[in-house]
Amino acid sequence: MRMNRVRNRRGRSRGQTLTEFALILPVFLLITAGVVDMTRLFLGYMSLTNGVREAALYAAGGTNYTKWCTAPAGKLPSPAVSVPCPVGTTSANQADDPDNIAYRIAVDASGLDATRIVLDVPDCSGSCTVSSTTVRIRATYRMDVITPVLGAIVGNTLTMTAATSATILR
């Protein structure tokens with residue numbers, strides 16, 4: 001008789017454990033997905049920041065601040081980097097890869113979709129002339145959030161902006 005009660009308790013216990021697991025599993029999966037998504041966003045921001053820093057250091061060398069982006073295919077023989085040229089780009093601001101700012105951002109922002117990086121026109125003290133002392137590089141990237149709950153909090157797309165300045169070396 002006593003043995004029968006122990007068996008019945010074990011059987012109910014297994015069912016209770018399975019039910020509790022089924023109830024808590026979606027919560028754990030949601031937390032895990034949120035952590036993965038936040039990590040993706042953080043790594044994306046770090047990649048963009050590193051790319052902009054590298055581009056600013058490159059732009060600060062001599063007159064490199066005039067070389068914004070890759071020339072369109074056919075003008076210069078180069079494998080095109082997919083970071084689009086800023087609005088207002090002229091042929092004077094286009095240079096072969098790797099001799100331009102957009103290429104430097106794309107290389108350091110690995111893992112990001114380079115076509116979604118928006119490079120602003122480099123900003124210099126003294127309007128980018130020989131007398132300029134600093135150059136400021138700024139880029140923006142829009143990253144999609146994959147976790148629905150996190151998307152409800154911060155929006156389905158998060159816009160990240162990175163900017164830095166460097167002293168122009170003469």
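Reply: Helices (H or I, at least four residues) and strands (E, at least two) are DSSP runs, numbered from the N terminus. The model is predicted, and local features need pLDDT of at least 70, side-chain atom pairs count only at pLDDT 80 or more, and totals for chains, interfaces and linings use all residues. Residues are numbered from 1 along each chain as its sequence is written, and side-chain values use heavy atoms, with hydrogens and water left out.

Ile31 belongs to a nonpolar patch on the surface, together with Leu18, Phe21, Ile24, Leu25, Val27, Phe28, Leu29 and Val35. The accessible area of this patch is about 860 Å² in total. Patches are made of residues with over 30% relative accessible area and no salt bridge; like charges are joined within 9 Å, and nonpolar side chains (Val, Leu, Ile, Met, Phe, Trp, Tyr) within 5 Å. Accessible areas come from the Shrake-Rupley method with a 1.4 Å probe, and for residues only the protein chains shown count as cover.

The chain has three helices and six strands, in the order α-β-β-α-β-β-β-α-β along the sequence. Of its 170 residues, 32% are buried, where buried means under 20% relative accessible area, exposed over 50%, and partly exposed in between (1.4 Å probe, protein chains only). Contact means heavy atoms within 4.5 Å; among contacts between residues at least 6 apart in sequence, 65% join residues at least 24 apart.

In soluble globular proteins, nonpolar side chains tend to be buried together. The largest nonpolar core holds 33 residues, and those that touch the most other members are Leu48, Ile101, Ile105, Ile117, Val135 and Ile137. At least two residues of this core come from each of helix 1, helix 2 (101-108), strand 3 (117-119), strand 5 (134-144) and strand 6 (157-167). Helix 1 gives the largest share, seven residues. A nonpolar core is a set of buried Ala, Val, Leu, Ile, Met, Phe, Trp, Tyr and Cys residues joined through side-chain atoms within 4.5 Å.

Beyond its neighbours within four places in sequence, Val135 is in contact with several residues, including Ala56, Ala59, Tyr65, Pro122, Cys124, Thr164 and Ile168. Pro122 lies in the loop between strand 3 and strand 4 (123-124) and is buried, at 6% relative accessibility. The C-alpha atoms of Pro122 and Ile137 are 5.1 Å apart, although 15 residues separate the two along the chain. Arg53, in helix 1, is partly exposed at 45% relative accessibility. Its C-alpha atom is 8.0 Å from that of Ser165, 112 residues away along the chain.

Charged pairs form a further set of links. Side chains of opposite charge can pair when their charged atoms come close. The structure holds five salt bridges, each being a side-chain nitrogen of Lys or Arg within 4 Å of a carboxyl oxygen of Asp or Glu. One of them joins Glu54 and Arg104, with the closest N and O atoms 3.8 Å apart. This pair connects helix 1, which holds Glu54, to helix 2, which holds Arg104, across 50 residues. Glu54 is partly exposed, with a relative accessible area of 28%, and Arg104 is partly exposed, at 21%.

Another salt bridge pairs Asp99 with Lys67, the closest N and O atoms being 3.0 Å apart. Asp99 lies in the loop between strand 2 (94-95) and helix 2, and Lys67 in the loop between helix 1 and strand 1, so the pair ties together parts 32 residues apart in sequence. Asp99 is partly exposed at 33% relative accessibility, as is Lys67 at 22%.

Thr70, in strand 1 (residues 69-70), is buried, with a relative accessible area of 7%. Its side chain makes a polar contact with the side chain of Asn100 at 3.3 Å. A polar contact is a pair of N or O atoms within 3.5 Å; within protein, one must be able to donate a hydrogen and the other to accept it, and residues adjacent in sequence count only if both atoms are side-chain atoms.
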